[in-house]
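User: I'm new to reading protein structures. Could you walk me through this one, feature by feature?

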Amino acid sequence: MNLILLGPPGAGKGTQAKILEEQHGFKQLSTGDMLRAAVTAGTAQGLRAKTIMDRGDLVSDDVIIAIVDERLSKPDVSKGVVFDGFPRTPAQADALDKMLAARGQKLDAVIEIKVDDEALVKRIVGRFTCAKCGQGYHSEFAKPKKTGICDVCGSTEFTRRVDDTEKTVRDRLQVYNKQTAPLVAYYHGQGNLHVIDGMADIADVTREVEAVISRVKA
Ligand code: ADP
Ligand code: ADP
Ligand code: ZN
C-alpha cells in the first residue's frame, strides 16, 4: 500500500509514519530526512540543500524527484511506502504518479492531517530527536518516559533541527500554504483524499489513520 501523509510542518507526519512502519512494515520515505542525511554526509547536493532548508524554502523539484526515484528503486519498498513531506509541489505530485505507474503501482490514499497554525508553532519549537536512533519527542506533548533518556535506545544525546525556530516555522507555513496546499484539490480530484483531525492526541490520530487504511483496503 502506498500512502501520502500530507500536512504542514509539525502536523505529525513523521510521528505517524514511524508508527505505520512498525505496524504494517511500510517504509517511511521522508525527503526531509534524506536531505538532512546528505547535509550530514557533506555531499555537494547536501551543501546546496542546506542553505535552502535553513531558510525554510523548498529544494528544487529536479533534485527531490531524483532522490525519490532512486529510493523507490530499492527492493525494501515492496510492502508499500508512506510518503512523508513529499510531494510538496504540483510538479512533484505529477512525477510521483508517473514513478508509481512506471513500477505498475498506484497511490492508495492521501491523508491530509489538519492542525491549527498556533498548535503547529508550539509543536515545532518543542520538537527534539534522539541523536542515536532518530526517535522523535516533544518537550511537552511527547516526553521520554525517563527525563534525558531515549525510550527506544537508551541514548542520552538529543538534537534539535536548526530550522525549528518560531521565525523559520512561520516562513515554512507560508511556503506550505502557497506551494503545497494546492495538492489538496489535486488529490481530491483524483478521489484519493482523506482528511483527518491532527489536533487530537498522537494515539487518536493513529486510530484515524488506521481507519482510513482499513477503508481503502476494503
Ligand atoms: P511533521 O513530520 O509533520 O513535521 P512531527 O511528527 O515531527 O511532524 O511532529 C512535530 C512535533 O509534534 C514532534 O515533537 C512530535 O512529538 C509532536 N507531535 C506529533 N503529533 C502530535 C500530536 N498529535 N499531539 C501533540 N504533539 C504531537
Ligand atoms: P517538516 O515536515 O517539519 O516541514 P521536512 O523534514 O519534511 O520538514 O523538510 C525540511 C526541509 O527540507 C523543508 O523545509 C525543505 O527545505 C526541504 N524539503 C523536504 N522535503 C522536500 C520536498 N519534497 N520538496 C522540496 N523541499 C523539501
Ligand atoms: Zn534513541
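Analyst: Let's begin with polar contacts: a polar contact is a pair of N or O atoms within 3.5 Å; within protein, one must be able to donate a hydrogen and the other to accept it, and residues adjacent in sequence count only if both atoms are side-chain atoms. Here, a backbone N or O atom of Gly-85 sits 3.0 Å from a nitrogen atom of ligand 2. Before we go on: this is a predicted model, where local features need pLDDT of at least 70 and side-chain atom pairs count only at pLDDT 80 or more, while totals for chains, interfaces and linings use all residues. Residues are numbered from 1 along each chain as written, chains are lettered from A and ligands numbered from 1 in the order in which they are written, and side-chain values use heavy atoms, with hydrogens and water left out.

User: Which side chains have an N or O atom by an oxygen atom of ligand 2?

Analyst: Arg-127 has a side-chain N or O atom 2.9 Å from an oxygen atom of ligand 2, and for Arg-161 the distance is 3.1 Å.

User: Which residues come nearest to ligand 2?

Analyst: A residue is near a molecule or strand if one of its heavy atoms lies within 4 Å of it. Of the 18 residues around ligand 2, the nearest are Thr-31, Arg-36, Asp-57, Arg-88 and Arg-172.

User: How do I read a sheet?

Analyst: Strands (E, at least two residues) and helices (H or I, at least four) are DSSP runs numbered from the N terminus, and two strands pair if DSSP finds at least two bridges between them. This open sheet has 5 strands in the order E2-E3-E1-E4-E8, paired in parallel. Its edges are E2 (27-30) and E8 (193-197), each pairing on one side only. Inside the sheet, 4 bridges join E1 (residues 2-6) to E3 (residues 81-84), and Leu-5 has Asp-84 as its bridge partner in E3.

User: And what about aromatic rings?

Analyst: A pair of aromatic rings is described by the distance of the centres and the angle of the planes. Rings of Phe, Tyr and Trp (its six-membered ring) pair if their centres lie within 6.5 Å; planes under 30 degrees apart are stacked, over 60 edge-to-face, and the rest tilted. The whole structure has 5 such pairs. Phe-83 and Phe-86 are tilted, because their centres are 6.0 Å apart and their planes meet at 45 degrees. Tyr-137 and Phe-158 are edge-to-face, at 5.9 Å and 80 degrees.

User: Is Tyr-137 buried or exposed?

Analyst: Buried means under 20% relative accessible area, exposed over 50%, and partly exposed in between (1.4 Å probe, protein chains only). Tyr-137 has 6%, so it counts as buried, whereas Phe-158 at 25% is partly exposed.
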